[in-house]
2 protein chains.
Amino acid sequence: MTQHIARLSETQTADAMLRARARLVVPGGMWGHLNAARLPEGYPQFFASAEGCRVRDVDGREYIDFMCSWGPILLGHRHPEVQAAAEAQAAKGDCLNGPGEVMVELAEDLVAMLPHADWAMFQKNGGDATTSCVTIARAGTGRRKVLVARGSYHGALPWCSPSVAGVTAEDRAHLVHFEYNDVQSLRAAIEEAGKDLAAILVTAFRHDMGRDLELPTREFAEAARAACDAADAALIVDEVRAGLRLDIRGSWEALGVRPDLCAWSKAIANGYALAAVTGNDRFREAATRIFVTGSFWCGTVAMAAARATLRIARETDVPGHIRAMGLRLRVGLAALANEHGIAIRQSGPPQMPLMLFEADPEVRKGRAFCSAALRHGAFFHPQHNMFLSSAHRAADIDEALQAASHGFKAVRELDV
Amino acid sequence: MTQHIARLSETQTADAMLRARARLVVPGGMWGHLNAARLPEGYPQFFASAEGCRVRDVDGREYIDFMCSWGPILLGHRHPEVQAAAEAQAAKGDCLNGPGEVMVELAEDLVAMLPHADWAMFQKNGGDATTSCVTIARAGTGRRKVLVARGSYHGALPWCSPSVAGVTAEDRAHLVHFEYNDVQSLRAAIEEAGKDLAAILVTAFRHDMGRDLELPTREFAEAARAACDAADAALIVDEVRAGLRLDIRGSWEALGVRPDLCAWSKAIANGYALAAVTGNDRFREAATRIFVTGSFWCGTVAMAAARATLRIARETDVPGHIRAMGLRLRVGLAALANEHGIAIRQSGPPQMPLMLFEADPEVRKGRAFCSAALRHGAFFHPQHNMFLSSAHRAADIDEALQAASHGFKAVRELDV
């Protein structure tokens, strides 16, 4: 098919010109969670480069990045040690006829780091990992029902996609829903599953878009663990989004609750495409029995990047640093909101913060805030949890707060 | 969990030592299609490096590679121009807050190259692409039934995995099976699907493991197209394995049959992790409506590698070269078999050849052949289609045939 380039005005931005071209050759111009149509006015769709905690769009505008590529960037973009490890591996070969030594080393690293884990397997997408966990749980228990919290995101495959377009009822036939952090609703779901309970699948904390974030209560985590023990089912913690940011031993370790299976992706290779399932010996045989695979799952470069990422995470207390930076942001935002007389709510672990405006059902305030802050160089999100990286320093947070003050001013000027 | 390193004899190979370590921290020591336990005796599990058409295992043994990483390596390992394009992109950034310009350029490249395509979307795994195609077909038609050929491989997700471990009946509730290249069985399946027919999903040619490969007949391809037209359903060609090796315009173009949707992966970025769906305008709206996404799907480096790969494929007649090399191999193997008085069957397009031994139901001959050839430096497969790359030159084929002659000798010496 010959390609039709739309007439483009020379006064348009590079982003606008690329969007016009994209509309011709990509459905809707973009798809999925990176579609800028879901973002407030002024957000770029296309990016040119990134370094540390700064991203640059195709028009050369630079932003302090609070999305970190929606999670993968844990240590800052293009972290020198991660890049060096990846490049050294790439010089030998990436996608080979089998894995490299680095696969064994990475599995050893994960098993040493994660108290729950006796083994690891690798994939490319978070959804590969959550799907593999469910498959392993079903294979290991010989049962079918998987309990999931209403509204939790576990990927965009038909069985778990937030959309129903193109999805059949059978794709979700064996899901049973409960409310996150609600022990009573969890118990009701367990009862509904009955003798067919294969697994409870739960995100490391409640990070559903557009609502206050919630850490799991100890009572909830313990109830999930106890239910799985009683039923000989698998407790699966989905660490895809939270992994390595709260606790490098696993997000539930501080609660004293260890999962049977964990799904990892996003941050584990600091931006290189990788996912992992970790599991305990109870599910080792089942993991051996299922057939899951992918053409690129043993690519050595992403694994070398992951080893470097994990090493830095072990040696430098990444959760501690990004928590401190997140707290600095939180305190600063609270002070600014107060100064401008605007009511906000901040929730979630400071490493993955969310700020919502009170009385903002249509997110008009949130969007106005973000658009104005963006114009002044800070890349926030109005509804999705944000992400800190270890490249964020106090000076970056303070600079972002300057941008945020323009955001609050824009909210005050809204005719609400 | 602390890690227990098995006592390893100093006389063991590096591969054996890595396998011993892997057994502790990876279920079964390895999983999926790269598990060397599925290969004949002597095959390495772990690889150290690769260049051109040569791969090297962790013990320093070098092989002429006829698996090309099970497909992804189209131009030879570490092709300099692909590497340069990838490295230039990596210096700017890979996984950003949105796609780069390269996504638009790559979609334009695909739309320009593929007569069937009006648009493209990108993913990481072949299974992401086949699953997206099915989801788009269901969204576009509002129907559920998907016809698939018995034994065809479309990925390892629960709906299509060759294994049933951990899979529920509902995962496959809406699949209807037919025999590849059998128009009558296709018609029966269409009748069974009735008014609920969403799509016919078919591999570019029949490349089921362990049986003779079969190109699609024109009659079969036309019947599939006509049935989809009559029912307003989607014809999906799964190009994941064959894509770019038979015809860069699409594997069915020479048959005069154009699909509505195509799934691509493996070779399109010469080893970089990438997949794509291409489609026509009939399914553009449906593709806009579904929600599919992944953390790494817009990674710019794999896309830059894909652009370089496609450019080289357009400029150098890759299918023509690898077909010539595959024919040289085929003719050479036939001559050697004849010389040794051994009956073999060769099938498939020469670019993706398969050699099976007559009267070899347990693949004893095939495995003996491969083991011996491996010891002499050629990496063949006894049951899975193999892959040629544009790095294979006549001298490499001739050298591999020397190794193959040892393989035939080993077969002759079997006490069959």
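## Interface and helix packing

Chain B brings 105 residues to the contact and chain A brings 105 residues. The model is predicted. The size of an interface is often expressed as the accessible area lost when the parts come together. Between chain B and chain A the buried area is about 8800 Å², and carbon and sulfur atoms account for 60% of that area.

Side chains of opposite charge can pair when their charged atoms come close. The rule gives 60 salt bridges over all chains, and it finds 4 salt bridges across the interface of chain B and chain A. One of the salt bridges joins R21(A) and E101(B), with the closest N and O atoms 3.7 Å apart. This pair crosses between chains: R21(A) lies in helix 1 (residues 14–25) of chain A, and E101(B) lies in helix 3 (residues 101–113) of chain B.

Two packed helices are described by the angle between their axes and the distance between the axes.

| Helix pair | Angle | Axis distance |
|---|---|---|
| Helix 5 (residues 183–193) of chain A and helix 6 (residues 218–231) of chain A | roughly 15° | within 10 Å |
| Helix 9 (residues 318–339) of chain A and helix 11 (residues 394–413) of chain A | about 30° | 10 Å |
| Helix 9 (residues 318–339) of chain B and helix 11 (residues 394–413) of chain B | about 30° | 10 Å |

Consider helix 5 and helix 6 of chain A. The axes of these helices cross at roughly 15°, and helix 5 of chain A and helix 6 of chain A are therefore roughly parallel to each other. Their crossing is right-handed. Helix 5 of chain A contributes V183(A), L186(A), R187(A) and I190(A) to the contact, while helix 6 of chain A contributes E219(A), F220(A), A223(A), A224(A) and A227(A). By class, the residues of this contact are 7 nonpolar, no polar and 2 charged.

In chain A, helix 9 and helix 11 pack at an angle of about 30°, which makes helix 9 of chain A roughly parallel to helix 11 of chain A. The crossing of helix 9 of chain A and helix 11 of chain A is right-handed. From helix 9 of chain A the contact takes M325(A), R328(A), L329(A), G332(A), L333(A), L336(A) and A337(A). From helix 11 of chain A it takes A394(A), I397(A), D398(A), L401(A), A404(A), S405(A) and F408(A). These residues comprise 10 nonpolar, 2 polar and 2 charged.

In chain B, helix 9 and helix 11 have axes 10 Å apart, at an angle of about 30°. Helix 9 of chain B and helix 11 of chain B are therefore roughly parallel to each other, and helix 9 of chain B passes helix 11 of chain B in a right-handed crossing. Among the contact residues are M325(B), R328(B) and L329(B) of helix 9 of chain B, and A394(B), I397(B) and D398(B) of helix 11 of chain B. The residues of this contact divide into 10 nonpolar, 2 polar and 2 charged.

Technical notes: Residues are numbered from 1 along each chain as its sequence is written. Chains are lettered from A and ligands numbered from 1 in the order in which they are written. This is a predicted model: local features need pLDDT of at least 70, side-chain atom pairs count only at pLDDT 80 or more; totals for chains, interfaces and linings use all residues. Side-chain values use heavy atoms; hydrogens and water are left out. Axes are lines fitted to C-alpha atoms, for helices over the stretch in contact, and angles run from 0 to 180 degrees between N-to-C directions. Helices (H or I, at least four residues) and strands (E, at least two) are DSSP runs, numbered from the N terminus. Angles under 35 degrees count as roughly parallel, over 145 as roughly antiparallel, 65 to 115 as roughly perpendicular and the rest as oblique. A crossing is left-handed if the near helix is turned anticlockwise from the far one by less than a right angle, and right-handed if clockwise. Contact means heavy atoms within 4.5 Å. Ala, Val, Leu, Ile, Met, Phe, Trp, Tyr, Cys and Pro count as nonpolar, Asp, Glu, Lys and Arg as charged, and the others, Gly among them, as polar. Buried area is the accessible area (1.4 Å probe) that two parts lose on being put together, summed over both. A salt bridge is a side-chain nitrogen of Lys or Arg within 4 Å of a carboxyl oxygen of Asp or Glu.
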